[in-house]
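Work through the exercises below with the sequence and the model open. Each task is followed by its solution in steps.

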Amino acid sequence: MNVVLVKELGFAYGLQAALQNVNLEVPEGLIYGLIGPDSAGKTTLIRAICTLLPYKQGMIEVLGRDALKNSAAIRAQIGYMPQRFSLYKDLSVEQNLEFFGRLFGVNSQTRGQNMEKLYRFSHLKPFAKRLAGNLSGGMQQKLALSCALIHTPSLIVLDEPTFGVDPVSRMEFWSILHSLKQEGISILVSTPYMDEAEQCDLISLIDKGQIIGQGSPADILAAWSGWLYRLKSSDLQNLYRFLKAQSCLDDLQLFGGEIHLGSDSQLSDSLFINWQRQCPCLEGWEQIQPSMEDAFLKMMK
Amino acid sequence: MTSLKVLASFVLKEFRQLARSPEMLAVLFLLPAIQLLVMGFAVTNEVKNVDISFFDYDKSHLSKSLIESFSSTDRFRIVPVSEAEHPEELLFKWKSKVVVVIPAGFERDCHGFAKPVLQVISDGIDGNSAALANAYVQGCILRFSQVMLQSRDPGLMKKDQGLDLIVRMSFNNDLKSNLNIIPGIIAVLVTVSSMVLSAISLAKEKELGTLEQLLVSPMHKYQLVAGKLLPYLIITLLQMQVAVLLAGIIFRISLAGSYPVLMLFSLIYLFTTLGLGIFISTRVNSQQQAMFFSWFMMVVMILLSGFFVPVQNMPKVIRGICFFNPLTHYMTVIREIVVKGSNLAQLRKELLILLSGGFIVFGFSLLSFRKRVK
């Protein structure tokens, strides 16, 4: 069964198209990732799924109900963690949890039990009386997640939950998501970080309001055809200009300290040596396996 | 039952957040007190210590005693003038607000040779106080002429020259402006706090990003709005108690009318201001914008309410606009109740207007609010 089903969804802010012909199937009990750069349309899509967007084109079903007609029923059953985790910074950890629990109509006994359980995985119990605004970024993020879970939803929707959080807290957050998955909760999560794609069971790559690739991370990497080379240089700009001038090369990407060169056929060492003679700043080359980022950049084309 | 609980939890949360910022609490309760005190003393229509100068070209016994009669009251402060100065110049240089010119031959005229003439020139920039000052000057001269009539010198002023003028100010015999100003300040206070607080309310949640989380909750939009506004309704009514209490203690203004009637009108009026506030709040994106729009509206509302300038003094078109200003009617009501002690039956027109205004504004704000993002 699909917890979320999106068919041919289109949406525009005025004349600016935000989503075009989006199709999505999120199966039950998995971690599903929406991966794409800023302003790709992730937040718009997530808001539409959370029944917050009055869309006119296409259809969305969440937990088997229509998102436009049955919004009240859907809202009661999903947990939503909006972008830039929203908490009441002037309320304590405990008061935040209590407030969202009451808001979703959780009675006080169940609320107490749920809070204990959420404290166990978030390790926030020692900070129960602390103001949310005084927590570290990672702890605020865990509190926001706890608030989205207080009414034991069967589906949680997280919009860029790891944005602006340190790498250690990000790792911890993902391991929490994995244990939630073990408990049978379906998770739909968006992220601009390509390396987090590997944490998901299924992903959709989204760019400029369109889905450009779907499947498991392994499938997407396996679909990468051809060879990929990593080129090193102390003068990357110069090398990049030189390679751009070579007519046979079209798949060139500048990464942090290296250039990735994609090719449909295997490139011989003699070709590289020949280049090195013309452009001495080319210092080394090796064939590598494509990462999610390579795959994404290739699909963007 | 559950819906009430959800509402209660919301109200609790709002109060917890308020209690968390002592500055806000201070603003809510200390500021009204300070405002009432400062404005109560400062904003006054009474005219005191008017700078007055006399150009005495007569230099007679009579003209000197006329000038003297002005020095016996605190309404006037006599500014000495030199011969070289000119009346218009004195006004222009703001040395004097009123100039009285006593022409040569004034005393002689008073003995019946001709009709005595005095020239009074006032600085008319502040129209209200100028008119009042003029009235005081006239009063003084009138009194002086009456004294002259009864004086020992029978040749002075013939009987038919005398004037008889009866001046009486209903409800405010001493022309005490406090009685008019203080209820006005209370009306303004109620408007300002309720509108600013409610305009900020949802805008703050928007700015924090918490609104989205509230929107996905199963709580109904009516609960959301009620949960937001109820605390502000309570706080504004509390503020009003403080203001009424202070008005009684410091300015000795006791309520002439019924207290429950005053509260009933305030409650009805608050539906309009809270409705306007929440309307602004649903349409702006930040607290800053909310503040801007609510202040803009409030300044217009206050200026057109009859707080400073009586509505009946305004041109007809503006009077028409004032009719649609809820504060105009609330201002009338609060003054009528505090000063005159009017009862509900006497205020039924205002009751009807405020009720329908509140119903329309609040209803429209509520209906146009959607549990969706833009």
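**Exercise 1.** State how far apart the C-alpha centres of domain 1 and domain 2 of chain B lie.

Solution. Take the bounds from an automatic or database domain assignment: domain 1 of chain B is 2–43 + 177–368, and domain 2 is 50–161. The C-alpha centres of these two domains lie 48 Å apart.

This is a predicted model, in which local features need pLDDT of at least 70 and side-chain atom pairs pLDDT 80 or more, while totals for chains, interfaces and linings use all residues. Residues are numbered from 1 along each chain as its sequence is written, with chains lettered from A and ligands numbered from 1 in the order in which they are written.

**Exercise 2.** Describe the packing of α2(B) and α9(B).

Solution. Locate the helices (DSSP runs of H or I, at least four residues; strands are E, at least two; numbered from the N terminus): α2 spans residues 22–42 and α9 residues 221–251 of chain B. The angle is about 35 degrees and the axes are 10 Å apart. Next, list contacts (C-beta atoms, placed from the backbone, within 7 Å); among them are B:Leu36 of α2(B) and B:Val242 of α9(B).

**Exercise 3.** Which element gives the most to the side of chain B that touches chain A?

Solution. The contact takes 21 residues from chain B and 23 from chain A. On the chain B side, α1 (2–20) and α8 (210–216) give two or more residues. The most come from α1(B), with eight residues.

Definitions and conventions
Two residues are in contact if their C-beta atoms, placed from the backbone, lie within 7 Å. Axes are lines fitted to C-alpha atoms, for helices over the stretch in contact, and angles run from 0 to 180 degrees between N-to-C directions.
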